[in-house]
Every structure is written in structure tokens, then in C-alpha cells.
Protein chains: 2
Amino acid sequence: MVMDVSQENRDGIVETPKKAINRTEKRVAKTKKKLLAAALEVFSEYGVDATTIDDITQRADLGKGTFYRHFSDKAEIMSCLVDQAIENLIEKLQKVESVTTIEESLDCIIDVHYRFFLEHQEEFILLFQGRLFLKLDRQITEQMEEPFNRYFEAIENLLSPYVSEKMDLLRIRRFACAVAGFVFGFFSFAMIGMESEEIETGIKPLRQSFVKSLSAFLVQQNKT
Amino acid sequence: MVMDVSQENRDGIVETPKKAINRTEKRVAKTKKKLLAAALEVFSEYGVDATTIDDITQRADLGKGTFYRHFSDKAEIMSCLVDQAIENLIEKLQKVESVTTIEESLDCIIDVHYRFFLEHQEEFILLFQGRLFLKLDRQITEQMEEPFNRYFEAIENLLSPYVSEKMDLLRIRRFACAVAGFVFGFFSFAMIGMESEEIETGIKPLRQSFVKSLSAFLVQQNKT
DNA sequence: AAAGTTGTTGACCAAACGGTCGATAATGAC
DNA sequence: GTCATTATCGACCGTTTGGTCAACAACTTT
């Protein structure tokens, strides 16, 4: 079957056979996907540290040995998931277009976070734990720091058009921290004991206030 | 020795002998204190779930069995620590006096958090984990929900003078969540990769903006 | 000082966990 | 169809962990 695809090549031109995926490769990919999905589930249910490899494989309905064929340990699959979640979040941040003012930009940033976390609460809980692990003395740190830095850069890029050159990188980074902190912080408190609709009606007016004060802050900073 | 103290009683009046503490009782109290201090240390270093009972007793320089004479399990000692930390925070919140405007009040609330967490980073990391555990499917939940609710009530009490009766409890709770969320969120991001002085200079201007927007929000809410 | 009470200890056990490996099943090459 | 390759499986092993308990030490009582 695979031969058929490469058979179509003519002369010297060798197509990289993108569709020449074996059934085996498909199965492997599917297995890995199942493991990642199961891990995300149990991580957000029990917590990463409280989760055992058996928890993951049983949730994925796979053998234990299969896990170790795809990941070296729990830290690696967590890094994978964090990377995946942040990549997802960054993608949505980069889709933000047609904003002209800083207020609009900030509002969009918060809106993206808001909708992402509301739809992907499991990812939120995962990133929350990831952020904690970075503070704790863990080995995972190195592998997870990079995705979070990419995330900050994405926010900074969205804000940079409205920031004067005088504002140094450190200040922008702090600012991005504040934005991310507000969103993460609010969600961490809101997600316990609030329904989705409550969160929506609860955060909306506060968001507007927050956006206004942040833009006022930025404008002020630019002047000095 | 103990008899000497109760000997002082005259006629029917029986003093509750507060100073009649045995050496034994003192030792017991000291041991329990050592366990709590050690647990706070290792919890904030390795994370609660990654910490073993041996970690705690070794850090406290005590035998393993001693732990189980004071606490039934890890969940109980964690509840104790969370309760202690929040009680500490609430005390400092209640010391806030001589504020006349809502802006002052909000500024004080955030200032108390700020100073408390800067001086007690271990407690901050503990509460951060506690907040996570409330979201996860754990048994500890019941014992830890109450301290957090007391914490919210303390914030609400400070704000209530400036809130019209029209604003229902749910809204005030949401508002308290936002305040706590902002502080927790900012710290969680700031504490990684920032020195104490950086945090101070970084949060100050943002804090002012945040306070302004929150008070504006409250004033607006009161009108409607 | 002797006996009784209570806190402390760390060796010990059973359960749980991380990680391995030979057996098995699915797939690809010929 | 046969053989080679490779993913999957789950029983198995060594280690770690939570929790117990008999012995010991500190202290109190009489």
C-alpha cells in the first residue's frame, strides 16, 4: 500500500509522501493521543502528583508498558500537555486582529483567556499546576519554563505596538504577568463554587474596569 | 508542682489554671509546633502531594510514630496549616483601621496581602496549593473550605461599609474573589523570576490602577 | 524512690507504585 | 501464506510509602 504511493513518483522528483502513513503509524499516533487525553483528564481530576501511571493507562484503556513506549515518565507527559495547552492558547492570541487601540487589545487578550479557560477547564487546572511546579523544587522545571516564556512573549507582542520604546523589557514582562495573573487568579477563585454562567456575568463588568485601569496605566507609563 | 497552683484557690472560686502547664504539656506543644513548622517547609519546597510523612518527621528531627500521635494523616496537618495561615491573614486584615474611603480600604486590603505574602512566601505557596486541592477531587475539601470562606467574609466585611444594600451577597463574593484572585494571581507569576524588590517596584503602580478601577466599579454598581 | 502515665521512637509490615520484560497480537515486506 | 518487525500487554520485581506497635524515655503522682 505504501509502495503504491511512492510508485507515483516520476523521474527525479521525490515527493515526501505525507499521506503514506501506515496503519501502524496511525495506530501509534492514536495510542499516544489516547494517553495524552487520559493524562489530561486524571491530572485535572486528582492532581499531577497524586496521579499514578496506572491511573493514566487505565483511563486510556491501555497496558502499562505502552505508556513507557511513548513517554519516559510522568514529567515528560506533563511537559507535553503543558506545551500543547500553551501552544493552543498562543494560537488563539495570535488570531487577534483588527484592533486599533490599547483598550481593544487588552480586552481581546482577556477575552481570549476567558473563553479558552471556560471551554478548557482541564487545561486551566493543568497550567495552574504547572505554574506551581515552576516555583517548587522539581526536575520538570527546565522543560516547562520555555512554554510559559513563549506565552509571555505572545502577550508582549500584542502589547508592544502600544508601548513606547522607553518602557524596558522588564516592565513589559511585569505587565504581562499582571494580566496573566489577574485572569489566572480570578479563575482559580471563580471556578470553585461558581457555574459557568455565573463566571460570565461576574467577570464581565470587572473585566471592563480592569482593562480601563490597565490602559490608563500603560498610557501613563509611556509619558514618563 | 501543679498542685501548688491549684492550692492557691480559695473557697468556691476555682481558677482555670492557665499557667499550670506541665513540662509534659510544654513538650507536647513544642513537638506539635515543630511538626507544623517542618511540614510547612517541606510542603512549600516539594509540594504537598510529593511530600512524604518521612520528609516531615526527618525535617522536624522526630520519629515517624510521633507524627501519628499528633495528626491522623497528611490531610489533617495540611488543614491545620491552611487554617493557621488564613487565621494569620485575617488577623492582619482586621487590624485595618482609620480608613474613610473605599479607595483607602481597597488599598489597605491589597497592601496587607502584599506584605503578608512577601514575608510569608511559604504560606502563600501553601494556600495556593490549598486552593488547587479545593478544585480537585480530594477528601481534604470539607476541612479546608471553611477557612477560605472565613477569609472571603473578612474581605467582605471590610468592603461592606461602602457597598449599598442593593448589592447582593453573591456580587460581593464575586468581588472579593476578584480582589483575592488578582493578588494571588499576580504573586504566582511574580514570585518566579522576580526578586523581592522587583516585586515591590513592579506591583506598586499596577496596584494603584487596580484599586482605582475596583473602586470605580463599586461606585458604579452602587448606583444601579 | 517506686510505680504509674503518657509521649517518643524506629524497626517492621502490608499495600502501592514505578519501571521492566518476555509473551502476544497487529501489521508490513516479500 | 510466511516471516520479520514492531506496538501492545500485563504479570512480575525491587523500592518506597503509609501506618502500626512493642519497647523505651520523660514526666507525674503517691
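Of the 22 residues that lie around DNA strand C, the nearest are A:T52, A:G65, B:T31, B:G63 and B:G65; a residue counts as near when its C-beta atom, placed from the backbone, is within 6 Å of the strand. The elements giving two or more residues to this surface are α2, α3 (53–60) and α4 of chain A, plus α2 and α4 of chain B. Helices here are DSSP runs (H or I, at least four residues; strands would be E, at least two), numbered from the N terminus. By class, the surface near DNA strand C splits into five nonpolar, nine polar and eight charged residues. Ala, Val, Leu, Ile, Met, Phe, Trp, Tyr, Cys and Pro are taken as nonpolar, Asp, Glu, Lys and Arg as charged, and the others, Gly among them, as polar.

The model is a predicted one, so local features need pLDDT of at least 70 and side-chain atom pairs count only at pLDDT 80 or more, while totals for chains, interfaces and linings use all residues. Residues are numbered from 1 along each chain as its sequence is written, with chains lettered from A and ligands numbered from 1 in the order in which they are written.

Turning to DNA strand D, 22 residues surround it, with A:T31, A:G63, A:G65, B:T52 and B:G65 the closest. At least two residues each come from α2 (23–46) and α4 (64–70) of chain A and from α2 (23–46), α3 (53–60) and α4 (64–70) of chain B. This surface holds five nonpolar, nine polar and eight charged residues.

As for the fold, chain A has 10 helices and zero strands. Buried residues make up 35% of its 224 residues, where buried means 20 or more other C-beta atoms within 10 Å of the residue's own, exposed 12 or fewer, and partly exposed in between, with C-beta atoms placed from the backbone. Of the contacts in chain A with a separation of 6 or more, 62% join residues 24 or more positions apart; a contact is a pair of C-beta atoms, placed from the backbone, within 7 Å.

The two chains also meet each other: 38 residues of chain A are in contact with 38 residues of chain B. On the chain A side, α2, α7 (121–135), α9 (169–190) and α10 (196–223) each give two or more residues, and α9(A) gives the most, with 12. That side has 23 nonpolar, eight polar and seven charged residues.

Leaving out residues up to four places away in sequence, A:A39 touches A:I56, A:I77 and A:L81.

B:M191 sits in the loop between α9 and α10 of chain B. B:M191 is buried because 20 other C-beta atoms lie within 10 Å. Apart from residues up to four places away in sequence, B:M191 touches A:K135 and B:Q121.
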